[in-house]
Amino acid sequence: ETRWFNDVCVLDLQSYTWLTVPYSKLATRPEPRSACNVGLHGDIAYIQGGFSKLKNPTVKSETKVHTDAWLLHLKPILQGSPPTWERLNVRGAGASPKDRAGTAST
């Protein structure tokens, strides 16, 4: 059985240790997913699309291809705080990409 985790881990390049970033259960963040498009610009990670399986006992396998986009603000990590998520709203910015998973960004 495949499991999707809704967590964020950060690699400290000075100590070569991984930090699992803590979140409040009330924090707004994207649904768990795999095969999403991730890009980094400055101190912001951009996450778009992806794929996940939904748990539905009446259907053997139901999938979801995500169409949403999120920003992960990484700067708070420098102050010892967890990064913050922001849902990207691009209404009026033209046609958005079609549903997709397994894409790449450059």
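Modeller: Here is a walk through the fold, a few side chains and the pocket.

Modeller: Keep in mind that this is a predicted model.

Biologist: Fine. How many helices and strands does the protein have?

Modeller: Zero helices and eight strands. Along the sequence the pattern reads β-β-β-β-β-β-β-β.

Biologist: And what share of the residues is buried?

Modeller: Of the 106 residues, 20% count as buried. As for contacts between residues at least 6 apart in sequence, 45% of them join residues at least 24 apart.

Biologist: Let's talk aromatics. How many aromatic pairs turn up in the whole structure?

Modeller: One. The ring centres of W70 and W85 lie 6.2 Å apart with the planes at 90°, so this pair is edge-to-face. It links distant parts of the chain, with W70 in strand 7 (residues 69-73) and W85 in strand 8, 15 residues apart.

Biologist: Why is that called edge-to-face?

Modeller: Because the planes stand at 90°, and over 60 degrees counts as edge-to-face.

Biologist: Is W85 buried or exposed?

Modeller: W85 is buried, because its relative accessible area is 16% and the cut-off is under 20%. W70 counts as buried too, at 5%.

Biologist: Which residues does W85 touch, beyond its sequence neighbours?

Modeller: Leaving out those within four places in sequence, W85 contacts V8, Y23, T28, R29, P30, I47, W70, L71 and L72. With Y23 there is also a side-chain polar contact of 3.4 Å.

Biologist: How far is W85 from Y46 in space?

Modeller: The distance is 9.9 Å, C-alpha to C-alpha. In sequence, W85 and Y46 are 39 residues apart.

Biologist: New topic: R33. Where does R33 lie?

Modeller: R33 sits in the loop between strand 2 (17-20) and strand 3. R33 is buried, with a relative accessible area of 13%.

Biologist: OK, a buried arginine. Which side chain does the R33 side chain make a polar contact with?

Modeller: That of D68, at 2.8 Å. A polar atom of the R33 side chain also lies 2.8 Å from the backbone oxygen of G49.

Biologist: What else is R33 in contact with?

Modeller: Setting aside neighbours within four places, the list is W4, I47, G49, F51, S52, H66, D68 and W70. So W70 contacts R33 and pairs with W85, because their ring centres are 6.2 Å apart.

Biologist: Now the backbone. What is phi of Y16?

Modeller: Near 55°, a positive value in a residue other than glycine. Y16 lies in the loop between strand 1 and strand 2, and at 64% relative accessibility Y16 counts as exposed.

Biologist: And what about A35's phi?

Modeller: A35 has a positive phi of about 55°, though A35 is not a glycine. A35 is in the loop between strand 2 and strand 3. With a relative accessible area of 38%, A35 is partly exposed.

Biologist: Last one, pockets. What volume does the largest pocket have?

Modeller: About 660 Å³. The lining has 23 residues, and V8, C9, A45, L72 and L74 lie nearest the centre.

Biologist: Which strands supply at least two lining residues each?

Modeller: Strand 1 (9-12), strand 3 (37-41) and strand 4 (44-48) each do.

Biologist: How does the lining divide into nonpolar, polar and charged?

Modeller: There are 16 nonpolar residues, two polar and five charged. V8 and L72, named among those nearest the pocket centre, are also contacts of W85.

Note on methods
Residues numbered from 1 in each chain as written. Predicted model: local features only at pLDDT ≥ 70, side-chain atom pairs only at ≥ 80, totals over all residues. Heavy atoms only, no water. 1 Å grid on protein atoms, 1.4 Å probe; cavity = no way out; pocket = protein on both sides within 12 Å on 5 of 7 lines; lining within 4 Å. Points joined across faces, edges and corners; volume = space filled by probe spheres on them. Helix = DSSP H or I, 4+ residues; strand = E, 2+ residues; numbered from the N terminus. Nonpolar A, V, L, I, M, F, W, Y, C, P; charged D, E, K, R; others polar. Buried < 20%, exposed > 50% of the residue type's maximum accessible area, 1.4 Å probe, protein only. Contact = heavy atoms within 4.5 Å. Polar contact = N/O pair within 3.5 Å; in protein donor to acceptor, adjacent residues only side chain to side chain. Phe/Tyr/Trp six-rings, centres within 6.5 Å; stacked < 30°, edge-to-face > 60°.
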